[in-house]
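Subject: Structure handover

Hello,

Here is the structure for you to look through. My notes on what was found follow below it.

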Amino acid sequence: MKVALIVHHVRPTGGQDRYALELARRLASAVDLDIVTIRAEGGLPAGVRVLTVRVPDRPLLVTAPLFRRAARRTVAETRYDVVHTIGGALPGASVITAQFCHAAWRAVNRSASAYERLVTSQAIRHERSAYRDPALRALIAVSRHTADEIQEHYGPLAVPITVIPNAVDAERFAPRPDPPADRTGRVLLFVGAYARKGLDTAIRALARMRTQPAPVLLAVGDGDRSSYARLATSLGVGDRVRLEPRTPDVARWFAEADAFVFPTRYEPFGMVIAEAMASGLPVVTSAAAG
């Protein structure tokens with residue numbers, strides 16, 4: 001069977017990008033797999049063919065339509081049994097995995113800038129057309145929550161929705177040994193995009209905690225680190241908030257933590273929640289998590 005996987009990026013960071021990487025690794029032994037992408041990183045098995053399209057990563061308002069056109073041309077050059085995309089990346093796909101519902105995100109993202117609203121509106125148009133395309137044979141949602149959102153915002157759909165939750169690599173994410181005896185204080189871990197995942201809420205909660213010794217909040221992800229550092233300083237916890245960039249080796253941060261804090265504003269599934277649980281960490285999250 002010849003399969004095309006269509007996705008903007010394949011890499012070991014970020015939930016959607018890591019999903020694509022793990023899916024490709026596991027499909028490689030079972031099918032003849034091509035990946036159509038802007039960039040592939042993180043190591044793919046021998047035999048997987050990467051078809052790179054020349055599309056800029058930014059700005060997203062330009063990237064998405066250019067990628068759709070380039071991917072359509074690339075796919076048209078080969079006969080595939082299955083064309084699998086993430087979200088609305090390509091109209092006419094036979095299988096789509098929905099890792100996000102932009103229409104649901106727009107409903108809760110009240111602080112979006114004008115540019116963010118334009119990007120989200122474009123993504124909604126792409127998703128709506130893809131989910132209603134008569135060529136679609138299977139539509140997968142990563143949670144029942146996401147399936148309900150897709151049905152609500154985009155129905156009627158071309159096919160019924162199948163829910164297949166994201167998986168966790170239980171070898172990478174496993175309970176760690178007890179922390180060193182000389183360590184003082186607890187480490188609270190946050191992983192993800194600072195704004196959408198609610199880092200400001202986590203920092204404000206840290207400032208209200210009276211536990212002794214005082215815990216440290218370790219935030220690993222993307223965002224304007226200077227603005228969050230200023231917020232932490234203004235609340236008197238600047239010395240207890242560590243801001244680290246996104247990394248492919250997120251498992252090591254789980255191993256350093258005592259608890260996972262994730263007050264996300266919108267979350268279709270929450271792969272990091274499942275990874276934290278697999279790592280043996282208690283999780284504090286929001287009702288928005290899928």
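Leu27 is found in helix α1, which spans residues 15–27. Helices here are DSSP runs of H or I with at least four residues, strands are runs of E with at least two, and both are numbered from the N terminus. The model is predicted, so local features need pLDDT of at least 70 and side-chain atom pairs count only at pLDDT 80 or more, while totals for chains, interfaces and linings use all residues. Residues are numbered from 1 along each chain as its sequence is written, and side-chain values use heavy atoms, with hydrogens and water left out.

Leu27 has a relative accessible area of 22% and is therefore partly exposed (buried is under 20%, exposed is over 50%, partly exposed is in between, with a 1.4 Å probe and protein chains only). Its C-alpha atom is separated by 10.0 Å from that of Leu5, 22 residues apart along the chain.

**The sheet**

Five strands form an open sheet with parallel pairing, in the order β12-β11-β10-β13-β14. Two strands count as paired if DSSP finds at least two bridges between them. The edge strands, β12 (241–245) and β14 (283–285), each pair on one side only. From one strand to the next the twist averages 20°; axes are lines fitted to C-alpha atoms, for helices over the stretch in contact, and angles run from 0 to 180 degrees between N-to-C directions.

Within this sheet, β10 (residues 187–191) and β11 (residues 216–221) run parallel and are joined by five bridges. Phe190 stands opposite Ala219 in β11.

**Helices on the sheet**

Helix α6 (residues 199–208) packs on the sheet and touches β10, β11, β12 and β13 (259–262), where contact means heavy atoms within 4.5 Å. The direction of α6 makes about 170° with that of β11. Helix α7 (residues 225–234) lies across β11 and β12, and runs at about 170° to β12.

Arg208 also belongs to helix α6. Is Arg208 buried or exposed? With 69% relative accessibility, Arg208 counts as exposed. The C-alpha atoms of Arg208 and Val237 are 9.7 Å apart, and the two residues are 29 residues apart along the chain.

**Cis peptide bonds**

Arg58 and Pro59 are joined by a cis peptide bond, with omega at about -5°. Pro59 sits in the loop between β5 (49–52) and α2 (60–76). The peptide bond from Gln212 to Pro213 is cis too, with omega near -5°, and Pro213 lies in the loop between α6 and β11.

Regards
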